[in-house]
Amino acid sequence: MPETLFQKVWNRHVVASTDEATLLYIDRHLVHEVTSPQAFDGLRLARRKVRRPELTFATVDHNVPTENQLDIRDPLSRRQVQTLRANCEEFGVALYDIKSGRQGIVHVIGPELGITLPGTTIVCGDSHTSTHGAFGALAFGIGTSEVEHVLATQTLWQGRRPPSLGIEVTGALPAGLEPKDIILAVIREIGTGGGTGHVIEYYGPAISALSMEGRLTICNMSIEAGARAGLIAPDDTTIEYIAGTDRPFAPRGKALDAAIADWKTLRTDDPSCFDSRVRINASELVPQVTWGTNPAMTVDVTGQIPDLAGLPTTARDDAKRALEYMGLKPGTPVDQIPVDVVFIGSCTNGRIEDLRSAARVFRGRHVAPGVRALVVPGSEQVRRQAETEGLDRIFSEAGAEWREAGCSMCLAMNPDRLQPGQRAASTSNRNFEGRQGPGGRTHLVSPSMAAAAAVTGRFTDVRTLLGH
Ligand SMILES: CC(C)[C@H](C(=O)O)[C@@H](O)C(=O)O
Ligand code: SF4
């Protein structure tokens, strides 16, 4: 019987099942400092060990200051980082710590290290675990009690197999647009509940044309459409990335050849296998900017803040409240909205290609007066690569701050945050009230759109700067 990629990966991992529940084997467990302390406490209390420490990988990201990673002043943050160190030591789990050369946002280092592989199941106590689906892995976020269960058993209870949603992205992404524009347009189209309960598979020519970095951006935001996970079938681009140098956990030699033969079977046999389907044409897209307090509240940069009257009645109250919070008026052209802060980074857009896109815009330009711009690599490895390419100099010469790796201003769990009322162009994935700091106003954009806002001081169609 024809199957979807998701069904294939799911079925391979079923250890036991009843009518209502499925026990899945978990291939890789990623751990960070925020959602793991109680899980390790639970193990200690029950006198259990980590069942497969060699399949468990930890790093510190959320609480790490990016100006000087070693200077963690906030007592709670410091305690969480120290607790993770102690837990990894006690339970024999590898920790990619600050200054290890491999530290970074958990969803950035997984692929870099070759931990994230096609056909695997990957979990982490973090909602954006969907990111790893870019490799054709079934990857999803779990709660802290589930983290404990996976640590103890290397398995996880799930309900019945979720339905699948196929999102076909046709056409070709126009010059000046980025993968972020695709996923914002998808969420704008299907809504923040459009993927609820489903596992999304992205496919079509505009997806196949993407690099792994771009695919990671897309899968990252699946969760913002309500989906359980998002994935993309592995292909030559995937294999090239994994076979690249410096992926310590990726298979090599004969093991890699055997793996590749298997990965080639990991695809959806026929789009009719999806429980539902949506199609988006990438050729018709223009750069996207969110105007409200969820990622579906999105417009074209060439457009205006929507009129409440033009919205469905059910959406009006939310939109009204969002506009009040965001300090915006209907009808305002997007490119007349000034920004105070620009944040380029996060597990959505903190990879090398994202920094290259931003650098193309910053090169030879300067951050507008009164604007503060932060460029934060997603990992120590991304930071090194960017410095090798001289991107850090482009950012610094443009007047942007070049930081160390971490979640940074994606969420207000470390010193990088917005002041009340400040407006940010941000390459992260969430724009709800207070996400980047109490009273802060977040507009989600692509890295090049963020850089364009930094140099002009307002939202600007980056295509006009790049001559497209
Ligand atoms: C802190 C963590 C649990 C959280 C998540 O699960 O996503 C964070 O990474 C986020 O992006 O909001
Ligand atoms: S970068 Fe943002 S979204 Fe990603 S894990 Fe960190 S806080 Fe969560």
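A residue counts as buried if 20 or more other C-beta atoms lie within 10 Å of its own, as exposed if 12 or fewer do, and as partly exposed in between, with C-beta atoms placed from the backbone. Ser 379 is buried by that test, with 30 other C-beta atoms within 10 Å.

Before going further, a word on what you're looking at. This is a predicted model, so local features need pLDDT of at least 70 and side-chain atom pairs count only at pLDDT 80 or more, while totals for chains, interfaces and linings use all residues. Residues are numbered from 1 along each chain as its sequence is written, and chains are lettered from A and ligands numbered from 1 in the order in which they are written.

**The chain as a whole**

The mean pLDDT (the predictor's confidence in each residue, from 0 to 100) is 98 for the protein chain, and 100% of its residues reach 70 or more. The model's scores are ipTM 0.99 and pTM 0.98. You'll find 17 helices and 19 strands in the protein chain; these are DSSP runs, numbered from the N terminus, with helices being H or I of at least four residues and strands E of at least two. The protein chain's radius of gyration is 21 Å, close to the 23 Å that the globule rule gives for 468 residues, so it is as compact as a globular protein of that length. That radius is taken over C-alpha atoms, and the rule is 2.2 Å times the number of residues to the power 0.38. Buried residues make up 55% of the 468.

**Two domains**

The assignment, automatic or from a database, gives domain 1 (5-277) and domain 2 (288-466). Their C-alpha centres lie 24 Å apart. The contact between them takes 38 residues from domain 1 and 41 residues from domain 2, where contact means C-beta atoms, placed from the backbone, within 7 Å. On the domain 1 side, helix 4, helix 6 (179-190) and helix 8 (212-220) each give two or more residues, and helix 6 gives the most, with six.

Helix 4 (residues 106-113) has eight of its eight residues buried, so it is largely enclosed by the rest of the structure. Just after helix 4, Gly 114 takes a positive phi of about 75°.

Back to Ser 379, which sits in the loop between strand 16 (372-375) and helix 14 (380-388). Leaving aside neighbours within four places in sequence, Ser 379 is in contact with several residues, including Val 108, Ile 109, Glu 112 and Ala 405. Of these, Val 108, Ile 109 and Glu 112 are among the buried residues of helix 4. Ser 379 and Glu 404 are 25 residues apart in sequence and 7.9 Å apart in space, C-alpha to C-alpha.

**Around the ligands**

A residue is near a molecule if its C-beta atom, placed from the backbone, lies within 6 Å of it. The classes below count Ala, Val, Leu, Ile, Met, Phe, Trp, Tyr, Cys and Pro as nonpolar, Asp, Glu, Lys and Arg as charged, and the others, Gly among them, as polar.

| Shell | Nonpolar | Polar | Charged |
|---|---|---|---|
| Ligand 1 | two residues | five residues | one residue |

Around ligand 1 are Val 34, Thr 35, His 62, Asp 126, Ser 127, His 128, Gly 141 and Leu 411. Ligand 2 has 13 residues around it, of which Ser 346, Cys 347, Cys 407, Cys 410 and Leu 411 come nearest. The ligand 2 shell draws at least three residues from each of domain 1 and domain 2.

Conventions:
Two residues are in contact if their C-beta atoms, placed from the backbone, lie within 7 Å.
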